[in-house]
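Let's take a walk through this structure together. Have the sequence and the 3D view ready, and we'll go one piece at a time.

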Amino acid sequence: MTDVPGTPPVVPTQADPREEKHYPPVVECLGIDDMVLTYSSEHWIDPWHENGVQYWDVGMHVKEDVGPGTRFGSIRIYVADMYRVANIVDSFDNLSADLHRIGKTLYDPKTGDLRDDLQDRLALHGKTTIVDKVTIDRRLRGHGLGVYLTGMALDYLSHGAGVIALFPGPLERDDNTPYEQACANLARAWSRIGFEPYNDGTWILDPGMTTLDSALQRERDRLQHHRWNMTFCAEEHGPWTGSMISAITMAKSIPHPLVSPSA
């Protein structure tokens, strides 16, 4: 007999590790309960770096099963303690012109003490918390989401603070909107969580009062029904650094799953 050669066995081929995997886009309908804030700071042990001002970077993220996911915004916050340095206004001046402007509005540049009229307005005396910069994906703007999340971060960080301050100026200039009008629009947005005008364009909030707590509850009730359809695509990045959100649209008609229709 003669052996008849059969069909040669199929040898599986290994995928080229250099080939990129392609994942189909994923669309999720998300609300405020699907968002997470992360907090990071640095503590320099070297005493020469002590300037009485603590820096916090707060990230706005989409929630995933394992924790914070894609980042869609950030908040830059400074916490100042005038009792740790000779003159806190000088510390602000060494950090940035914007902080120095707010610092000399709140503190006497000569003595480094909180201004007398401001002390009289505060329920409690303590550290000063300054909102320096808030950035959020432009596709999520216009609904008060950034202000609400900043308020949540302030509520988390401002324990022991005597005053919270900010300057409501736009980070990006819009040729169609005058600068003064843009500042007025932002001021109205910040007033939703209790900020009030003080001096030289600086707005303040007293954390010793119940204003912030009440405002956050009111804003949460308002945003509870908001939904955003976010399209996540590994190959197409959004405008935020490291973001995989390729598209965002608002689905206004979808209610919150934990809120009854009669609520």
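Before we start, one term: a residue counts as buried when its relative accessible area is under 20%. Keep in mind, too, that what you're looking at is a predicted model.

With that in hand, find Trp190 and Phe195: Trp190 is buried, and Phe195 is buried as well.

Now for the aromatic rings. How many aromatic pairs does the structure hold? The count is four. One of them is made by Phe92 and Tyr107, whose ring centres sit 6.4 Å from each other, with 45° between the planes, which makes the pair tilted. Why is this pair worth a look? Phe92 belongs to helix 1 (residues 88–95), while Tyr107 is in the loop between helix 2 (97–106) and helix 3 (116–121), so the pair ties together parts that are 15 residues apart in sequence. Both Phe92 and Tyr107 are buried. Then come back to Trp190 and Phe195, which form an aromatic pair of the edge-to-face kind: 5.8 Å from centre to centre and 75° between the planes.

Three of them make an open sheet, arranged in the order 1-9-10 with antiparallel pairing. Strand 1 (26–30) and strand 10 (245–250) are the edge strands, and each has a single partner strand, so one side of each is left with no neighbour in the sheet. On average, neighbouring strands here are turned by 20° against each other, ignoring direction.

Zoom in on strand 9 (residues 228–232): this strand pairs with strand 10 over five bridges, in the antiparallel sense.

Conventions
Residues are numbered from 1 along each chain as its sequence is written. This is a predicted model: local features need pLDDT of at least 70, side-chain atom pairs count only at pLDDT 80 or more; totals for chains, interfaces and linings use all residues. Side-chain values use heavy atoms; hydrogens and water are left out. Rings of Phe, Tyr and Trp (its six-membered ring) pair if their centres lie within 6.5 Å; planes under 30 degrees apart count as stacked, over 60 as edge-to-face and the rest as tilted. Helices (H or I, at least four residues) and strands (E, at least two) are DSSP runs, numbered from the N terminus. Buried means under 20% relative accessible area, exposed over 50%, partly exposed in between (1.4 Å probe, protein chains only). Two strands pair if DSSP finds at least two bridges between them. Axes are lines fitted to C-alpha atoms, for helices over the stretch in contact, and angles run from 0 to 180 degrees between N-to-C directions.
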